[in-house]
Amino acid sequence: MKLVAVVVVAAPLLFAFGRRLYRERRGGPLLAQVWVALSATLLSLLVGSMLILAVGSSPLEVYRLLLAGTWGNLHGISQVFFKATPLALAGLSFTIAFRAGLFNIGIEGQLTLGAFAMALTGAYVRGPSWLVVPLCLVAGAVAGAVPAALAGLFKATRGAHEVITTMMLNFVVRAAMVGVGPLVFVRESTHTVPILAAAELPRLSLYFPSLHGSALNAGLLIAVVAALLVGWLLWRTPLGFSLRAVGLGADAAEASGVRTGRAIITAMALSGAMAGLVGASFVLGYKRYYEDGFSGGVGFMGIAVAVLGGARPVGVLVAALALGTLSEGGLCINSVVPKEIVDVLQATVIFAAVAMTPLSRRLFRLAEAT
Amino acid sequence: MSADALDVRAVSKRYGDCIANRDVSFSAARGELHAIVGENGAGKSTLMHLLYGTEPADSGEVRLFGTLRRGRSATEQVAASIAAGLGMVHQHFMLVPSLTVVENVVLGREPVTAGLLSLDTAIADLQKLGARYGLDVDPLAEVSTLSVGEAQRVEILKVLWRGAEILILDEPTQILTPTEVEALFAILRELAAAGKTVILVTHKLDEVMALCQKVTVMRAGEVVATHLVAETTPKQLAAEMVGEGNVVEVTRTHGELGEPRLELDKIVVRRQAGIAVDGVSLTVRAGEIVGVAGVQGNGQTELVLAVAGLLDLSSGKIRLSQRDISRASSGKRRALGLHHVAEDRHQRGLVLDFTVEENLMLGRTATYSRWLGLDLDRVRLRIDCEEVIRHFDVRPPRPELSARSLSGGNQQKVLVGRELLDSPQALLCAQPTRGVDLGAAARIRAAIAAAADAGCAVLLVSTELEELEALCDRVVVMRRGRLVGELTPKTLQPGTLRQRLGALMAGAS
């Protein structure tokens with residue numbers, strides 16, 4: 001009971017504290033974002049405590065278990081990184097579009113097409129590994145880029161709002177998979193034939209024997225490299241500059257000679273290409289085939305990752321690790337409390353961060369425009 | 001002696017490491033017309049916020065009719081201000097366009113009889129107020145149908161209806177025509193005669209001289225001086241606003257004009273239902289500044305946008321150095337040397353959330369692009385940025401600050417600086433000094449004059465007649481989308497240009 005009182009008092013205080021720190025931006029916007037993330041996390045832990053108490057367990061014990069199972073040992077850590085990999089790529093995908101003022105809700109559909117294309121390329125194209133692996137990645141990126149670019153095209157030429165079109169394209173993709181899937185799936189299953197050995201992304205346990213049994217694979221490197229590239233693209237190249245200009249001031253960008261329509265299509269295509277790579281870790285590095293529903297909603301979690309990470313590549317990586325920790329941690333505490341507790345933690349973190357930052361205010365203004 | 005209506009004592013406010021107001025004190029008696037003048041960024045807006053209470057002051061106090069205003073939060077303070085009889089007439093109207101005048105006036109304080117809205121007394125009140133102070137507006141007219149001047153009267157009625165004894169008007173004349181300004185001044189004099197105190201925030205000195213009894217000059221967040229208007233001159237006020245030695249004189253060498261650089265040939269631009277630009281032909285030579293005068297909304301905006309490539313031509317041709325650019329994209333035109341200082345600097349000129357430095361790169365990425373477009377040369381950008389900052393005296397001189405955090409005048413300096421960086425062939429300037437303080441305006445005008453003297457062809461659209469007079473070789477007048485006259489300032493008696501232009505703008509033959 002005492003804890004309930006603590007939470008009731010402390011939660012709003014923490015929220016106000018985080019907001020205030022963000023507003024004042026002592027030490028710059030970066031530190032402010034860190035403060036927001038920290039206070040949002042603390043807030044969610046407090047709220048989670050109430051629920052854990054309500055089911056009759058000890059919050060401290062549950063959190064201890066959660067931490068021990070994730071960051072407490074090498075296997076746990078590697079699993080966190082494995083879970084974080086697709087989250088990071090989805091977050092980066094959202095970030096690219098978001099920085100150009102676009103709201104890509106279609107990551108889920110784009111990553112499905114990307115993963116499917118990767119699996120088929122990997123299963124049927126023969127050749128040396130150094131050729132086939134990049135080819136699979138390119139196939140995935142292209143397959144993801146096509147529907148996203150289509151939504152960009154609708155927006156650029158007809159003014160159709162991308163929130164609507166990308167969301168609808170999710171359903172189109174799902175319906176298409178219902179039709180196409182059975183033609184290529186292994187009989188009586190919902191997955192494709194395994195990819196050839198040459199197309200596999202190596203598991204890191206091959207190089208670090210201590211990681212034995214972990215699903216962590218070279219897909220992690222793809223995510224890290226992608227984050228660096230996205231950062232470079234957006235802040236260091238003329239193309240990225242014009243995309244950000246369109247995102248922050250479309251009229252000024254146009255007046256300065258940027259072709260906004262073209263920029264919108266480019267941003268969506270790049271965002272979709274990134275989404276197309278989300279499945280790489282699963283398809284090329286873990287299960288070795290495409291399977292219906294493999295993503296578990298990662299495409300939508302990507303939005304949360306991007307918001308938590310302040311739509312900055314490094315932030316996205318950190319946020320992906322945080323949410324990856326929760327996702328892996330759910331399995332560790334399942335014996336004591338329902339693992340859905342971590343969903344509550346996740347949701348609270350997202351809510352708090354969204355409420356504290358102006359970034360998300362812009363995000364909702366975009367959504368309102370639909 | 002009765003207490004002053006408004007007494008501000010040593011209020012200070014800082015935002016981060018920027019001191020917006022430092023120990024500001026002034027007072028105004030009942031029935032006084034008191035002006036607060038200062039350049040943009042001098043702290044006038046902050047002072048208004050502190051006065052009204054929308055921002056709490058860090059220190060100092062505000063007394064209304066001798067009573068200290070209390071309240072910790074902004075909401076409490078504003079409520080206290082209104083209760084004590086302080087009313088604010090905002091620069092940007094706070095009106096609901098789809099409601100009637102009376103509905104807007106009562107909004108938030110709706111008179112209710114038996115649970116129902118009853119407007120009859122309010123309508124009578126408004127008619128009484130209107131008759132008394134010359135604020136004639138039909139209480140039942142929908143606000144969307146009103147002219148700008150009428151909408152402003154509704155704002156004034158609103159605060160009067162709530163019992164305001166002190167009225168603060170923030171840059172009230174910025175959007176008015178000369179006739180509307182006269183009408184407003186008549187109203188303000190009536191109000192003062194009836195014992196109300198009027199605080200007028202402005203940077204137009206002729207208005208201060210014509211209307212007010214006392215004037216407080218602000219500079220860099222501090223009060224420089226308070227004068228009786230009768231005992232001061234515009235010149236002295238201007239010097240105090242700008243500070244010693246900061247006024248840049250505009251000089252033009254008026255050398256030989258070069259070849260025709262920018263030629264408009266019977267261009268027609270349609271917008272929405274009507275024709276905005278109706279067959280305008282105009283030639284600007286190298287080294288020449290051609291001014292376009294006219295009452296706002298007579299097609300000048302569309303003319304500039306069409307020449308910049310941001311609006312399609314319905315017919316006609318545009319040539320730059322003999323080359324037909326009628327169908328070229330805005331980017332292409334820029335690449336050919338036709339630059340554009342956009343009229344709406346917030347919307348089209350700058351990306352406010354970009355840094356000053358990034359704004360300098362807008363439309364100029366090609367200049368800094370290297371490694372086949374895989375990298376931008378940030379070092380060179382920084383050098384150019386510091387050059388612009390130095391040349392235009394952008395304050396604060398920090399390239400990494402967001403454009404949003406600069407005052408309007410400094411934003412405009414950045415914008416003009418960017419467009420002049422690559423020594424353009426031709427320059428379109430739309431209202432380059434609107435809402436800009438004296439020091440910045442002088443600097444911007446000098447830069448435009450220097451560009452022309454260096455051989456740039458300049459098309460200058462402005463509503464500031466003295467600006468056209470000082471800068472232009474020729475001035476054309478635009479009315480209802482057509483050019484209705486042309487004047488050469490040099491050949492006219494000083495002062496007559498204004499009259500002649502005014503007559504043409506109003507439609508006299």
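Q: What distance separates the centres of domain 1 of chain A and domain 2 of chain A, taken over C-alpha atoms?
A: The two centres are 27 Å apart. The bounds, which come from an automatic or database domain assignment, are 1-56 + 338-370 for domain 1 and 79-330 for domain 2. By the way, this is a predicted model, where local features need pLDDT of at least 70 and side-chain atom pairs count only at pLDDT 80 or more, while totals for chains, interfaces and linings use all residues. Residues are numbered from 1 along each chain as its sequence is written, with chains lettered from A and ligands numbered from 1 in the order in which they are written.

Q: How many helices and strands does chain A have?
A: There are 16 helices and zero strands, counting DSSP runs (H or I, at least four residues, for helices; E, at least two, for strands) numbered from the N terminus.

Q: Why are α4(A) and α14(A) called oblique to each other?
A: Helix α4 (residues 74-99) of chain A packs against helix α14 (residues 313-332) of chain A at about 135 degrees, with axes 7 Å apart. Under 35 degrees would be roughly parallel, over 145 roughly antiparallel and 65 to 115 roughly perpendicular, with the rest oblique. That's why this pair counts as oblique.

Q: Which residues of α4(A) meet α14(A)?
A: Among them are A:Ala84, A:Leu87 and A:Ala88, and the α14(A) side includes A:Ala320 and A:Leu321. Contact means C-beta atoms, placed from the backbone, within 7 Å.

Q: How many residues of chain B are in contact with chain A?
A: 24 residues of chain B touch 16 residues of chain A. The elements giving two or more residues to the chain B side are α10 (330-335), α11 (345-349) and β20 (375-376).

Q: What can be said about the domains of chain B?
A: Chain B has domain 1 (6-242) and domain 2 (260-506), with C-alpha centres 34 Å apart. Nine residues of domain 1 of chain B contact ten of domain 2 of chain B.

Notes: Two residues are in contact if their C-beta atoms, placed from the backbone, lie within 7 Å. Axes are lines fitted to C-alpha atoms, for helices over the stretch in contact, and angles run from 0 to 180 degrees between N-to-C directions.
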